[in-house]
Amino acid sequence: MINSRQLILINEVKNIFGTVIYDEFGQAIRIRDNGKEENLGNHLEQVNLQHFRLLRLMRDYNLPAIPIEKLITYSNPNTIIKNITNNKSIANMVIHKEQLLTKVSNFTEKYCAACYTEQQLRRLSELLVSLHTPKKVDILKKFHVSCEQIRCGVFCPKCGALPMIYSAAKWNCTACGETSKAAYLDALKDFYLLFGKEISNRQVREFLGLDSRSIIYRLMKKAGFEQMGAHRGAKYILKF
């Protein structure tokens, strides 16, 4: 979304390869190399829904009216777009990324009068950022996996064997002989995706298969993870 004092531009970006055909129902149908058709949904209705939700939000927060334009931009330069019914809405809204600057220039020429003050524009932008909350998905619940089914330890980055053994300041694979100083980071990435960004020293030990609190402390410090709290209540913040 591009905000200005004159207008708001909703720009729905699609990274889709192949040939995309818009039919008489507004469906976007992709033709793959093998000739198989795939329904990608109705992109026009998708962006119209975003428009409707934005209008409702602006009304709920008593923000002034402002022109809103919509585009569906294909970012892959090799994508072929076909408008088989010559629908004018499709022709006006669906573009390749190379056309974006021209479209923006046309909009700025069309809408010259400012509808928002700088303060109102800042308020809208801050509101949109504050309301943007990524969807949280409980992966274990979604796929009906219990914590007891999670295999702990450090996988070998070369052969995939589990677990690697930590000795002499490195991780050693007993299956293929591979050694690594950073293999444990992949295991922590798995923990991050499964359980979240906070992890205690005890949880690190259990997940990596190590008994030493001091070794965990050194490994986490070396990786640059921030520590929150102190003593047994301390937790590390995983960032990748």
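In what order do the three strands of the open sheet come? They run 12-14-13, with antiparallel pairing.

## Ground rules

This is a predicted model, so to speak: local features need pLDDT of at least 70, side-chain atom pairs count only at pLDDT 80 or more, and totals for chains, interfaces and linings use all residues. Residues are numbered from 1 along each chain as its sequence is written, and side-chain values use heavy atoms, leaving out hydrogens and water.

## The sheet

Strand 12 (198–200) and strand 13 (226–228) sit at the edges with a single partner strand each, so one side of each has no neighbour in the sheet. On average, neighbouring strands here are turned by 35 degrees against each other, direction ignored (axes are lines fitted to C-alpha atoms). Strands are DSSP E runs of at least two residues, helices H or I runs of at least four, both numbered from the N terminus; two strands pair if DSSP finds at least two bridges between them.

Strand 13 is joined to strand 14 (residues 235–237) by three bridges, and Met-228 stands opposite Lys-235 of strand 14. Over in strand 12 there's Ser-200, buried at 10% relative accessible area (under 20% is buried, over 50% exposed, partly exposed in between; 1.4 Å probe, protein chains only). Beyond its neighbours within four places in sequence, Ser-200 is in contact (heavy atoms within 4.5 Å) with Ala-234 and Lys-235.

## A loop residue

Now for Phe-143, found in the loop between helix 5 (139–142) and strand 9 (165–167). Phe-143 is exposed, at 51% relative accessible area.

Methods: Axes are lines fitted to C-alpha atoms, for helices over the stretch in contact, and angles run from 0 to 180 degrees between N-to-C directions.
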